Amino acid sequence: MTMIENSEGQAAQGRGLERRLGLFGTVMAVMGGIIGAGIFINPYLVADRVHTSALILGAWVAGGLIALVGGFIYAELAARLPVVGGQYAYLREALHPALAFLYGWVLLLVIQTGGMAAVAVTFARYFLELTQWQINASLVAASALALLTVINCLGVRAGSRVQSAMTLAAIAAIGLLEVFSFFRGGPSQISWRPVLDQPVSMSLVFTFGAAMTPVLFAYGGWQTSSFLAGEVRDPRKTLPRGLVLGVLGVIAVYTSVNFVYVRALGPAGLAGTMTPASTVMRMLLGPRGGSLIAAGIAFSAFGFLGQSMLTAPRVYFAMAEDRVFFRGVAWIDPRTHVPVIAILLQGVWAIVIALTGTYAQVVNYVVAMDSLFFGLTAVCLLVLRRRVEQAGSAAIEFSVPGHPWTTLLFIAAEWIVVASTFGHDPRHSLIGLGIAIAGLPAYYLWRAKNKGATET
């Protein structure tokens, strides 16, 4: 069976899911999956690791380029395999089902739910800052996750509309910050000269790699729209276009807002504040400015959570369809056409983490595991291309510019970040790796169980 024939067979998988998302909804899913709390928190971590204007902004540009190349790669993968599960399906078809299971396992236990819990706690803190309510932040975070779980159980359209509205609100808040900065800001604090006097060395390269960890965490999420391939109208055309347009939009937003941060605060000032957006707006407009941007951050975090709730459960659904996960997770609500059990499973586990964890504890091992699987998924494109060449199959709607060199560059960049993250924070990185390896016996137990059930 050729790869194309196999992909047609896999397209039948998840046929109970309804195709409702068009280009705008897909672009919003991409941007909503990226623009979360990270852009409002992580810039201080970058400035703390590299201390010049050029290196700070260079890290954000480099992260955007990596995300753009990744968007190209995932766009071609989506065109070749427009099936439910996205990254999970690519790993399964091109490499090995066990590797695909490990990705879904880590996504559920670490990457997706850990990131969601961290962002939910961030949302809760800014929400409480706005309302002045005397409530535990973890309880507010858990309530937000529970609310979004219910909304997404009502259907793709309901979840997509909430996510799109919150994403647009976040972009509007960032736009206001930039407008006020240029019209009411003081003299620029950007200095380009120090980087010219700094010699290039392995120490500088390693430091820059460590700075890329929070950058890639902030850019993370562009790949999750591929999970929705089974619910996108005309996915071979719509999904690639949505991925590229969404990533380009986020690069523009992230680079411009970090230019504002450095221009207003300078490298040292940026490194000294954990809330650069609020700090800049207070400088420009006083306490009202701080409250305004806090509202924008809360909306942004809520929108990110809505997108996260919408996309990743399709991976768990695909795992259940493959009979390497709880079979009930593949159940589709006949009215809403969404995998309700998968959404509930993710929501409950994210709530558990939100009640017990913190933002700082998840960033490094989330990035380490995410970047590891990003590199492996890019390898899938090399494998699938080779199969197509051998089978002599027809051309597809989208192909990666500059392949294979751009694809190899993406793989190298992601795995350099993995190495830098392990070097910078080996403890949390090893925790993520340990959770991943623990999935192997679970996979083989599930497979043996279902094999025995089939034989009987």
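Helix α15, residues 313-321, is mostly covered, with eight of its nine residues buried (buried means under 20% relative accessible area with a 1.4 Å probe, protein chains only; helices are DSSP runs of H or I of at least four residues, and strands are runs of E of at least two, numbered from the N terminus). The model is predicted, so local features need pLDDT of at least 70 and side-chain atom pairs count only at pLDDT 80 or more, while totals for chains, interfaces and linings use all residues. Residues are numbered from 1 along each chain as its sequence is written, and side-chain values use heavy atoms, with hydrogens and water left out.

The buried residues of α15 are Pro313, Arg314, Val315, Tyr316, Phe317, Ala318, Met319 and Ala320. After α15 comes Arg323, which has a positive phi, near 60°.

The chain as a whole contains 20 helices and zero strands. Of its 456 residues, 59% are buried. Among contacts (heavy atoms within 4.5 Å) between residues at least 6 apart in sequence, 84% join residues at least 24 apart.

Ser420 lies in helix α18, which spans residues 405-424. Ser420 counts as buried because its relative accessibility is 5%. Leaving aside residues up to four places away in sequence, Ser420 touches Phe206, Gly209 and Ala210.

Notes
Buried < 20%, exposed > 50% of the residue type's maximum accessible area, 1.4 Å probe, protein only.
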